[in-house]
Amino acid sequence: MSEYTDCTFETRLLHNKFKYDKETGAVSLPIHHASTFHQADPEKFGKYDYSRSGNPTREALEEIIAELEDGTRGFAFSSGMAAISTAFLLLSSGDHVIISEDVYGGTYRMVSQVLTRFGITHTFVDMTDLDAIQAAIQSNTKAFYIETPSNPLLKVTDIRAVSSLAKEIGALTYVDNTFLTPALQKPLTLGADIVLHSATKFLSGHSDVVAGLAVVKDPELADQLYFLQNSFGAVLGVQDAWLVMRGLKTLHVRMQHSQETAGKVAEFLSSHPLVKSVYYPGLSEHPGYSLHNEQTAGPGAVLSFELESEEAVKSFVTNVKLPVFAVSLGAVETILSYPAQMSHAAMPEPERLKRGITNSLLRLSAGLENSADLIRDFEAALAKQAAASAY
Ligand SMILES: *Cc1c(COP(=O)(O)O)cnc(C)c1O
């Protein structure tokens, strides 16, 4: 543990073991572009031998994220999906997974089309319903996989309750913490075993890198995951590890600003007559509002909303000027996306509709723009739509 553990989260983003390079004093960590390392002794190898197995730049990021998540060990992967897929390799043929029904599209694809070929079965459940989770448990259930808030409907799952259910039957609890980051939610402190991240999103925050992270607390689980990281080999490159570390330094201020904006946008949208519904755990009418408040330090910067029709969605997307219309979230620029054809395109339409991910749903990830500018932009786009439908 570092000498800064008594400091607050935002201070520890800057002050950790890696605040300067021990050798030169450089306040930006050197990028070690080496694939291999000279061994001074033929009998005894040094700490590093080959970069898939260990690299000082990647290791710095791994230690930083482990500390921020209150874990003991972190692992950096070439994408969020690489982190998630490698963590699934902890399971074996014959095992069963209980998983959030409105999980990220790529995770849905991995579980439903890849793991099944290796004899790992699954049940998608509404994780807000503890009875439904209980009912889905089988004698071979070995893992619970949670996204909270979920993507894209921002449903809230009780991490503590699911983790204790998992412990009772000797199963692992995985939590995808991409939407909130340790700035707002620390699943390991609530009983989860493995925290996963698409570091592509808020952690790096600038839409310039694809990366994934995993963090665990239990040393034995850490050894197993390290073995899999090295065996499967989907490690993060050093340049990208450096970019994630740079992004992390501003995580707190970015999250605070984006979250405040998301709250204002959610209020604006929920009072607009052309918006059918708004999904955001910061709104008191959200069904998971109080549970979310209990287990997190804030509602985050992602919300979704439903317009009247698919036509209305097209018109809105065409008429807004500020947001980037793109796949992804968690960046300095506000990102508007269309789950039906983007993040959840991998989900067959009937499955998608069953989960409430309709063709008139949009997802918004608030960036660092001024919130009044964004609201004015949205107001104008909705007004154009109202004018068009008046004809
Ligand atoms: C983007 C995302 C992923 C996948 O991460 P990649 O870095 O794109 O591989 C997983 N989970 C959530 C919640 C995401 O938003």
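1. Basis. The model is predicted: local features need pLDDT of at least 70, side-chain atom pairs count only at pLDDT 80 or more, and totals for chains, interfaces and linings use all residues. Residues are numbered from 1 along each chain as its sequence is written, and side-chain values use heavy atoms, with hydrogens and water left out.

2. Ligand shell. There are 13 residues around the ligand; a residue is near if one of its heavy atoms lies within 4 Å of the molecule. Met 81, Asp 176, Ser 198, Thr 200 and Lys 201 come nearest. The shell divides into 6 nonpolar, 5 polar and 2 charged residues. Helix α3 (residues 80-88) gives the most to the shell, with 3 residues. Helices are DSSP runs of H or I, at least four residues, numbered from the N terminus.

3. Polar atoms at the ligand. A polar side-chain atom of Asp 176 lies 2.7 Å from a ligand nitrogen. Ser 198 places a side-chain N or O atom 2.8 Å from a ligand oxygen. Gly 80 uses a backbone N or O atom, 2.8 Å from an oxygen of the ligand. The ligand taken alone exposes 380 Å², and the protein buries 92% of that (Shrake-Rupley method, 1.4 Å probe).

4. Thr 57. This residue is found in helix α2 (residues 56-68). Why does Thr 57 count as buried? Its relative accessibility is 1%, and buried means under 20% relative accessible area (1.4 Å probe, protein chains only). The side chain of Thr 57 reaches the backbone nitrogen of His 32 at 2.8 Å. Thr 57 touches Pro 30, Ile 31, His 32, Val 238, Ala 241 and Met 245, not counting residues up to four places away in sequence (contact: heavy atoms within 4.5 Å).

Definitions and conventions. A polar contact is a pair of N or O atoms within 3.5 Å; within protein, one must be able to donate a hydrogen and the other to accept it, and residues adjacent in sequence count only if both atoms are side-chain atoms. Helices (H or I, at least four residues) and strands (E, at least two) are DSSP runs, numbered from the N terminus. Ala, Val, Leu, Ile, Met, Phe, Trp, Tyr, Cys and Pro count as nonpolar, Asp, Glu, Lys and Arg as charged, and the others, Gly among them, as polar. Buried means under 20% relative accessible area, exposed over 50%, partly exposed in between (1.4 Å probe, protein chains only).
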